[in-house]
Amino acid sequence: IRAAFESFVPAKGTQAERMEGVMKFRKNFRENLGIKKNSNGVMALAEKPAMRADDFSLQELAVGICGEQWFNSLHHSNDPYFEAMEDGSIASASVVPGNIANVSAFLGSVTGLLDARVLAGYQKPEYIIPQLIPTIPTQTRQTRMIATGRIGNQAKVRNPGEPHAAAQFTDRRILTPETTNVALACHVTYEAVFFDQTGEVMDRAYSIGAEIGLYEELEGFRVISGVTNNYNYNGVAYNTYLTSGNWINDLASNELLDWSNVNSVYELFSRFTDQETGNRISTSWDTMLVAPAKKATAQHIVHATELETRNPTGTNDRIFRSPVNDHLEIGGKKIASSQYLDQILTTAAASGGLALSQANANKYWWGMDTSRDNSAFIKTENWPFKTVTATPNDHTALDHKIALSVFADRMAQFSVREPRR
């Protein structure tokens, strides 16, 4: 850290030159931590960064950039941290005496570490809702997804001289629920800077992102499982899953045991109809979402290379490849499972669950379309998960000896886009 700082910030440069070097150092530090914007322009953490935020403690970062003399003064001066920021009165024999550039670089480094850890918590690999529910950016709290209905069976035989049959488009619109803001904050005191030898502050920052990510994970599974029913079509609210009516997308007894249960879902998808015209529609699914107890079963069904069947008399043996193999493997199809799905299935209704026994929860599974353009569920988003770091600038923050604070939040909502998928 010391070497990196000195390579960017000239020891004998002017204040302007040193501060310019600080900005370059901070940028380089964040890049090495893997903080970047993804293809959607959203701040994210690279899978394999050059260095990890949890490799550092605030104590060694402070010593590396500001020097041991500055660090040791933290425990006996009234407000040395802020005095150094305000007038540079605290000297560092090992770095540069009396210069705010060191403290500014330290603040920027801590900001980078906190951002990286918060993002790492939010992007925990066990959170799979982002893989199941695509995000649609929006500038409104509620989104009206407006389209036109199908014309239906309006074509007629036309004899010579007769006019063409006329048809009009009908209005189709889906209203999503209002987006909500979910937020948490982490405050770093300069006592934490002095005593943090094991990276505990970084662990706390990680938990900020992890908690918001978990909130989204549970909310997403509540929509998928039917705990939250928020499908609104042409101003009418419907339950997500129906066994009769405009669509039938719920098989009451179809526990995942072998390929024939998957075939029953194929059959169900083939019978979906447009509710205005009554005609069959073309739908497909790319993902099997299963309870954890059925994950091995699902993998066996999909990946089996040899199955054997025989008739009741024991004759007419047949050996064949899994008939569902091609459908689920070609094009990157996937099997998904999560302990958080199991949590929602078994949690009491009063606590936001489906209130199933564990034995019944183990039988639940879904065939679903997760593609961006035709997904069954969507996440409407006003702004993505983001972090903002602020230094203290009021009496309350200074009174509590807060060195800096990191705020994390997002503004979004999960909803049903098309229950036939």
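Start by selecting strand 13 (365-368), the element that gives the most to the lining of the second largest pocket, with 4 residues. Strands are DSSP runs of E with at least two residues, helices are runs of H or I with at least four, and both are numbered from the N terminus. You are looking at a predicted model, in which local features need pLDDT of at least 70 and side-chain atom pairs count only at pLDDT 80 or more, while totals for chains, interfaces and linings use all residues. Residues are numbered from 1 along each chain as its sequence is written, and side-chain values use heavy atoms, leaving out hydrogens and water.

**Stop 1: the second largest pocket**

A pocket is found on a 1 Å grid over the protein atoms alone: it is an open set of points where a 1.4 Å probe fits, with protein on both sides within 12 Å along at least five of seven lines, and lining residues have an atom within 4 Å of a point. This one has a volume of about 600 Å³, counted as the space filled by probe spheres set on the points, which are joined across faces, edges and corners. Helix 9 and helix 10 (259-270) also supply at least two lining residues each.

**Stop 2: the largest pocket**

Next, select Asn38, Ala44, Tyr122, Gln123 and Pro130. Of the 42 residues lining the largest pocket, these are the closest to its centre. Its volume is about 1,200 Å³. Now colour strand 14 (377-390), which gives the largest share of this lining, 6 residues.

**Stop 3: the nonpolar cores**

A nonpolar core is a set of buried Ala, Val, Leu, Ile, Met, Phe, Trp, Tyr and Cys residues joined through side-chain atoms within 4.5 Å. Buried means under 20% relative accessible area, with a 1.4 Å probe and protein chains only. The core has 45 residues, and Leu33, Ile65, Phe106, Leu113 and Leu114 touch the most other members.

Zoom in on Leu33. Beyond its neighbours within four places in sequence, its contacts (heavy atoms within 4.5 Å) include Leu45, Met51, Gly112 and Leu113. A second, separate core of 30 residues includes Ala210, Leu289, Phe414 and Val416.

**Last stop: the whole chain**

Zoom out to see 15 helices and 15 strands. Of the 421 residues, 45% are buried.

Technical notes. Buried means under 20% relative accessible area, exposed over 50%, partly exposed in between (1.4 Å probe, protein chains only).
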